[in-house]
Amino acid sequence: MKYIIFFLGISTLCFSQKISFIYETKYKLNSDKPDDVYSDNMILDLRNNMSIFRESQDKKTDSVKLNHGNGRFKMGVENQFYVKKNLAQKRIEKVITYLGTDYFLPIEEILDWKITSEQKIIGKYKSQKAETNYGGRNWIAWFTTELPFGDGPYIFNGLPGLIISIQDADNDYSFNLIEVKKGGDIFDARKKAIKIDWKQYETLAKSYFNDPYDINTKVAMGKTVTFTDPNGNKMDISIKTKEMQDDILQENNPIELNHKINYK
C-alpha cells in the first residue's frame, strides 16, 4: 500500500507538468511490400492526465491554425495517427481531418493487457513486457515504471508506466521512444470536431476514393489543383483520379486491420 501511495504521488506530480515524448514510428502501407517502410517521428504531449499524440507535421499545423493560418491540406482519410486521450475519464478519440473538417472517432475497444515477468533494458530504462490485442492485431509492448505515466503512443495506454516500445506481432507497425522533453505548452487546435463512428469513417474514406480531390473529377481525367503548403507557398498539381485510386488500393495495411476498407 505504501508503494501504491508513493507511486500515485509521483504520478500526480509528473502529470501536473507538461512533458513530450518523441517516438520513431515505422509502418508498412503495403503488406505485399515488406521492405517498403515509412518512417516518421511522432509526438505524445502529456499534461494533467490529458494527452495528444500526433505526427510532428500535425503539431506544426495545429500551431499554424491557432495563429489563424490554414496549415497543411490533409488528403486521405486512412493512416492518420492523431489521438486525444483523457486518461482520468478513460476516453480516447481518434481525430480524422478530411477536406478541412475535423472528425472525432471514439475508440471503444478495450485493451486487455497481459503483463509478463520478462524484463530488459531499453535505452536507459528498465522495462517490462506486456501484450494485448487491438485493431485485429496482436501487440507486444515494453513499459517502464521509471517514467510513471500510464500512457503511450497512438491509442495505447493503461500500463503501470510509460510504453516506450510497442509493435504488432507481424512487425507492420512499431513505435519506439527516442527522446523526452520537459516543459513547453500543450495545445489543441482540433476541439470543434464532428463525432463519427467506424461506419461513417468508411463512408468518408470511400468518398475520398471516389473523388480524391472533391472536385467532381472523372476517372482517368486529368485536373490541375492549386494547394498551399504550411509555409504559404502555392503550387499547382496535375492529378489523375485513376492514379490516385490505384495508390489508395496499394495502401492495404491499415493499423486497425479489423476496419480495413473494401473499396470494390
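Does Phe156 count as buried or exposed, and at what relative accessibility? In this predicted model, Phe156 has a relative accessibility of 0% and therefore counts as buried, since that value falls under the 20% cut-off.

**Phe156 and its surroundings**

- Phe156 is found in a loop, the one that runs between strand E9 (137-144) and strand E10 (162-168).
- Setting aside residues up to four places away in sequence, Phe156 touches Lys85, Leu111, Trp113, Tyr134, Trp139, Asp151, Ile163, Ile166 and Phe175.
- Between Phe156 and Ala141 there are 15 residues of separation in sequence, while their C-alpha atoms are 9.3 Å apart in space.

**Helix H3: length and start**

- Helix H3 covers residues 198-210, and its 13 residues reach 18 Å from the first C-alpha to the last, which is close to the 18 Å expected at 1.5 Å a residue.
- The N-terminal end of H3 is capped by Asp197, which has a side-chain oxygen 3.2 Å from the backbone nitrogen of Lys199.

**Helix H3: two faces**

- The buried residues in H3 include Tyr201, Leu204, Ala205, Tyr208 and Phe209, and because they cover an arc of only 140 degrees around the axis, they lie on the same side of H3.
- An α-helix has 3.6 residues a turn, so residues three or four places apart point the same way.
- The buried residues of H3 pack against strand E5 (91-98), strand E6 (101-106) and helix H4 (241-250).
- On the face of H3 turned away from this buried side, Lys199, Thr203 and Asn210 are exposed.

Conventions. Residues numbered from 1 in each chain as written. Predicted model: local features only at pLDDT ≥ 70, side-chain atom pairs only at ≥ 80, totals over all residues. Heavy atoms only, no water. Helix = DSSP H or I, 4+ residues; strand = E, 2+ residues; numbered from the N terminus. Expected span 1.5 Å × (residues − 1). Buried < 20%, exposed > 50% of the residue type's maximum accessible area, 1.4 Å probe, protein only. Arc of directions from axis to C-beta. Contact = heavy atoms within 4.5 Å. Polar contact = N/O pair within 3.5 Å; in protein donor to acceptor, adjacent residues only side chain to side chain.
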